[in-house]
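Hi,

Here's the structure I promised to send over. Have a look at it first, and then read on for what turned up.

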Amino acid sequence: MYLNDYLNKLMRVWNAQEGLAVARFVSLQDHHVKNANLYKEYPEDAVCRTVPEPLDEIVYTHLRVVYQLKCANPPDYNEAYRHQTSCIQAVVKLLQHMKEENWILPIMYVVAIDLRLLATKCEQQARSSKAGKILEKAAESLLSCFRVCAGDTRSADEDTKRLGMLHIVNQLLKVYFRINKLHLCKPLIRAIDSSNFRDAFSLAQRITFKYFAGRKAMYDSDFGNADELLSFAFNHCPARFTKNKRLILTYLAPVKMLLGYMPRKEVLERYNVPQFHDLAAAVREGNVRRFDETIARHELFFISAGIYLIVQKLKILTYRNLCRKVHLLLGVHQLDMEAFETALRFSGIEDITIEETHCIVANLIYDGRIKGYISFQHNKLVLSKQNPFPLVSGT
């Protein structure tokens with residue numbers, strides 16, 4: 001296929017208003033990118049003779065990106081990213097020009113994805129002290145697309161550009177999570193949650209959104225909301241996407257555990273996240289030594305997933321279950337604090353003091369894990385006679 005053939009085919013699907021087909025002609029993921037006949041450093045003249053404004057700018061900037069990726073040796077990702085930025089700016093012009101139509105949204109989708117991927121590649125190559133700056137600039141370009149979509153005031157569901165909001169929001173969430181600018185996620189999540197079209201978005205896009213919104217809620221310690229969002233993402237993600245389900249489960253499992261629901265071993269094994277099995281067993285047993293050993297053994301996994309501090313919060317549940325075991329063993333509601341200190345020593349904290357024991361128990365009471373109070377006069381933990389250890393899921 002020569003350049004003129006490419007342009008003529010593009011115009012046929014453009015005139016037929018086939019948005020998905022047009023999008024393939026400006027996507028870096030399409031097979032036409034491998035066609036050497038399209039590698040032109042300056043394709044503007046040829047494109048402008050065949051393609052009308054403002055589509056022409058999208059097409060020739062796309063071809064210039066392809067040239068930088070395929071003809072430069074090594075590929076010039078910085079120059080390709082610069083042209084891709086021009087390409088998405090041209091997409092914004094197209095969206096503004098065609099105010100009454102939204103069949104062109106797929107063009108925005110593919111150009112936005114390619115911009116994020118190129119920015120990520122540039123970041124990987126730069127390795128500078130200003131990490132994240134290129135992706136932050138890319139996010140500004142993506143925001144211009146979001147504003148055009150969000151600013152469409154038409155109420156007709158089938159024509160509104162608001163249906164493109166979630167796709168751009170998901171790209172922005174991916175960028176903000178990568179550069180650790182999570183505070184910028186909140187207005188985007190709020191915009192989707194308050195949208196009248198939130199149920200009209202595609203299931204795939206809703207799954208992606210719930211996954212990132214769930215992670216944000218988890219980092220905000222809103223575990224109930226995180227459970228709801230991540231559970232939706234996990235339950236609706238098709239079974240064939242095992243990699244995606246494993247990724248979701250990496251965050252859903254600790255959230256469930258913090259709410260008192262221990263994941264089943266077969267589920268963890270099915271999606272290859274056995275790290276949580278030993279952790280759940282340690283929490284369930286109240287085994288502090290096993291908990292610390294599990295954290296140490298899988299430390300790199302927890303850190304790389306960004307959940308190290310989250311799983312550390314499970315330690316208080318381990319203390320709670322250990323205290324409950326002491327209560328069941330002694331069968332009394334006034335527990336000598338020295339008995340709990342002995343249990344902590346036996347469970348692996350060999351240098352524990354009575355003051356530290358008091359501190360642990362006081363935190364358990366403050367967090368609502370135990371109903372009772374500490375009698376310092378008698379050095380005892382006085383437990384409530386009614387439900388002294390509330391269900392974790394109810395607190």
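First, the term you'll need for the pocket: on a 1 Å grid over the protein atoms alone, a pocket is an open set of points where a 1.4 Å probe fits, with protein on both sides within 12 Å along at least five of seven lines, and a lining residue has an atom within 4 Å of a point. What you have is a predicted model, so local features need pLDDT of at least 70 and side-chain atom pairs count only at pLDDT 80 or more, while totals for chains, interfaces and linings use all residues. Numbering starts from 1 along each chain as its sequence is written, and side-chain values use heavy atoms, with hydrogens and water left out.

**The pocket**

The largest pocket holds about 750 Å³ of space, a volume being the space filled by probe spheres set on the grid points, which are joined across faces, edges and corners. Its lining has 26 residues, and Lys174, Tyr211, Phe212, Arg215 and Leu247 lie nearest the centre. Helices here are DSSP runs of H or I with at least four residues, strands are runs of E with at least two, and both are numbered from the N terminus. At least two lining residues come from each of α6 (105–126), α8 (165–178), α10 (203–219) and α12 (242–258). Which helix gives the most to the lining? That's α10, with 8 residues. By class, the lining splits into 17 nonpolar, 5 polar and 4 charged residues (nonpolar: Ala, Val, Leu, Ile, Met, Phe, Trp, Tyr, Cys and Pro; charged: Asp, Glu, Lys and Arg; polar: the others, Gly among them).

**Salt bridges**

I counted a salt bridge when a side-chain nitrogen of Lys or Arg is within 4 Å of a carboxyl oxygen of Asp or Glu. That rule gives 13 of them. One is Lys181 with Glu136, where the closest N and O atoms are 4.0 Å apart. Lys181 sits in the loop between α8 and α9 (185–193) and Glu136 in helix α7 (residues 133–150), so this pair ties together parts 45 residues apart in sequence. For burial, read buried as under 20% relative accessible area, exposed as over 50% and partly exposed as in between (1.4 Å probe, protein chains only). Lys181 is partly exposed at 27%, and Glu136 is partly exposed at 25%.

Asp292 and Lys315 also meet in a salt bridge, at 3.0 Å from N to O. This pair links distant parts of the chain, with Asp292 in helix α15 (residues 288–297) and Lys315 in helix α18 (residues 315–330), 23 residues apart.

Arg345 and Glu341 form another, with their closest N and O atoms 3.0 Å apart. Both lie in helix α19 (residues 337–346), 4 residues apart, about one turn of the helix. Is Glu341 buried or exposed? It counts as buried, at 12% relative accessibility, whereas Arg345 is partly exposed at 35%.

**The hairpin and beyond**

Strands β2 (residues 372–375) and β3 (residues 380–383) run antiparallel and are joined by 4 bridges; strands pair if DSSP finds at least two bridges between them. Tyr373 stands opposite Val382 in β3. The two strands form a hairpin with 4 residues between them, and Asn379 in the turn has a positive phi of about 55°.

Pro388 is in the segment after β3 and is buried, with a relative accessible area of 12%. Setting aside neighbours within four places in sequence, Pro388 is in contact (heavy atoms within 4.5 Å) with His327, Arg369, Ile370, Lys371 and Leu383.

Cheers
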